[in-house]
Amino acid sequence: MKYAFVNGQRSEAQPNRTGECPCCGGSVIAKCGEIRVNHWAHRRGQNCDYWWERETEWHRNWKDSFPTHWQEFVHRDENGERHIADVKTDHDWVIEFQHSYLKPEERESRDAFYSKLIWVVDGTRRKRDVEHFHAALNKGIAIHRSVPVRRILPGRSALLREWANSPSQVFLDFGGQSVVWWLLAKRQEGPFYVTPFSRPEFIQIHLGASEEAISEFEKLVADLRSLASNYEAQFQLQVQRVRSKTTANGFQQYLARKSARRRL
Ligand SMILES: [Zn+2]
């Protein structure tokens, strides 16, 4: 954890300090070494939030793009279950930065715990993920003249398959400062709709202090979702037309062969 309470103040880890865990109230000690980022750890080494993953520079860079009071938000559900969300925005979007592999059942329980969840996934952890993702992208088709959304099939991309069933908003981060890839619509073996999204824009859209109940981001989610689902409906209609034409042709050919035989 980046924060713990020290004398009632939310504080970052500093050498030789102890504090109180904001999630369970247990005692934590500051870990300030050279290998890992400065953090707080529970005395017995066991984290009270079993969803918590070891933080890397990547986590910290993302978290620090948001106000400190949004970071490490302790979330409690009606059953008293508590988890620390990496970021929670003023519009109640929880943003989780995921570096390591998540088992499907673990991912599902988090998808269910938070009603408005955004995953930002580290796409640089495995060597071939970026290559397989771009191969899928190149084989895909652009669905709109001015909106850069592509319809792609997962192909050999393990990363896409791993995130195919998440009902949450998923963004893949392949490093660099310019874009993250937003998985707009996804199905295990079926098509994905993806769009590049500017990384600064991703941060800005959540920081934007709008008084409205629905955030800019929510509007965008709805717009892009309907763009993808309309396109998919059209696409399936085309496929059916082609199929029924082929079937009709086949039947015509059969009848023609039959009548030709009869004439012999
Ligand atoms: Zn704790």
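User: Which elements each supply at least two residues of the lining of the second largest cavity?
Analyst: In this predicted model, the second largest cavity holds about 90 Å³ of space. Among the residues that line this cavity are Val 121, Asp 122, Leu 159, Glu 162 and Trp 163. The elements with at least two residues each in the lining are β9 and α4.

User: Which element gives the largest share of the lining of the second largest cavity?
Analyst: The lining of this cavity divides into 5 nonpolar, 3 polar and 4 charged residues. The largest share is 3 residues, and the element that supplies it is α4.

User: What is the volume of the largest cavity?
Analyst: The structure holds 3 cavities of 30 Å³ or more. The volume of the largest cavity is about 130 Å³.

User: Which element gives the most to the lining of the largest cavity?
Analyst: The lining of the largest cavity has 5 nonpolar, 2 polar and 6 charged residues. The most, 3 residues, comes from β8.

User: Why does the largest pocket lie between domain 1 and domain 2?
Analyst: The largest pocket holds about 230 Å³ of space. Of the 15 residues that line it, Arg 36, His 39, Ala 41, Asn 47 and Trp 52 are the closest to its centre. The pocket lies between the domains because its lining takes residues from both domain 1 (1–48) and domain 2 (50–228).

User: Which strand gives the most to the lining of the largest pocket?
Analyst: By class, this lining has 5 nonpolar, 5 polar and 5 charged residues. The top contribution is 4 residues, and the strand that gives it is β5 (residues 39–42).

User: How many residues of the lining of the second largest pocket come from α3?
Analyst: The second largest pocket has a volume of about 190 Å³. Both α3 and β11 supply at least two residues each to its lining. His 132, Ala 135, Ala 136 and Lys 139 are among the lining residues. The share from α3 is the largest, at 4 residues.

User: Why are the buried residues of α3 on the same side?
Analyst: Helix α3 (residues 129–139) has Asp 129, His 132, Phe 133, Ala 136 and Leu 137 buried. They are on the same side of α3 because the arc they cover around the axis is only 140°.

User: Which exposed residues are on the face of α3 turned away from its buried side?
Analyst: The buried residues of α3 are covered by elements including β11 (150–152), α4 (158–163), β12 (169–173), β13 (179–185) and β14 (192–198). The face turned away from the buried side carries the exposed residues Asn 138 and Lys 139.

User: What arc do the buried residues of α2 cover around the axis?
Analyst: In helix α2 (residues 104–113), the buried residues are Arg 107, Arg 110, Asp 111 and Phe 113. They lie on the same side of α2 because they cover an arc of only 165°.

User: Which exposed residues does the face of α2 turned away from its buried side carry?
Analyst: Cover for the buried residues of α2 comes from elements including β6 (71–76), β7 (82–88), β8 (94–98), β9 (117–122) and α4. On the face turned away from the buried side, the exposed residues are Glu 105 and Ala 112.

Conventions. Residues are numbered from 1 along each chain as its sequence is written. This is a predicted model: local features need pLDDT of at least 70, side-chain atom pairs count only at pLDDT 80 or more; totals for chains, interfaces and linings use all residues. Side-chain values use heavy atoms; hydrogens and water are left out. Buried means under 20% relative accessible area, exposed over 50%, partly exposed in between (1.4 Å probe, protein chains only). The arc is that of the directions from the helix axis to the C-beta atoms. Contact means heavy atoms within 4.5 Å. On a 1 Å grid over the protein atoms alone, a cavity is a set of points where a 1.4 Å probe fits but cannot get out, and a pocket is an open set with protein on both sides within 12 Å along at least five of seven lines; lining residues have an atom within 4 Å of a point. Grid points are joined across faces, edges and corners, and a volume is the space filled by probe spheres set on the points. Ala, Val, Leu, Ile, Met, Phe, Trp, Tyr, Cys and Pro count as nonpolar, Asp, Glu, Lys and Arg as charged, and the others, Gly among them, as polar. Domain bounds come from an automatic or database domain assignment.
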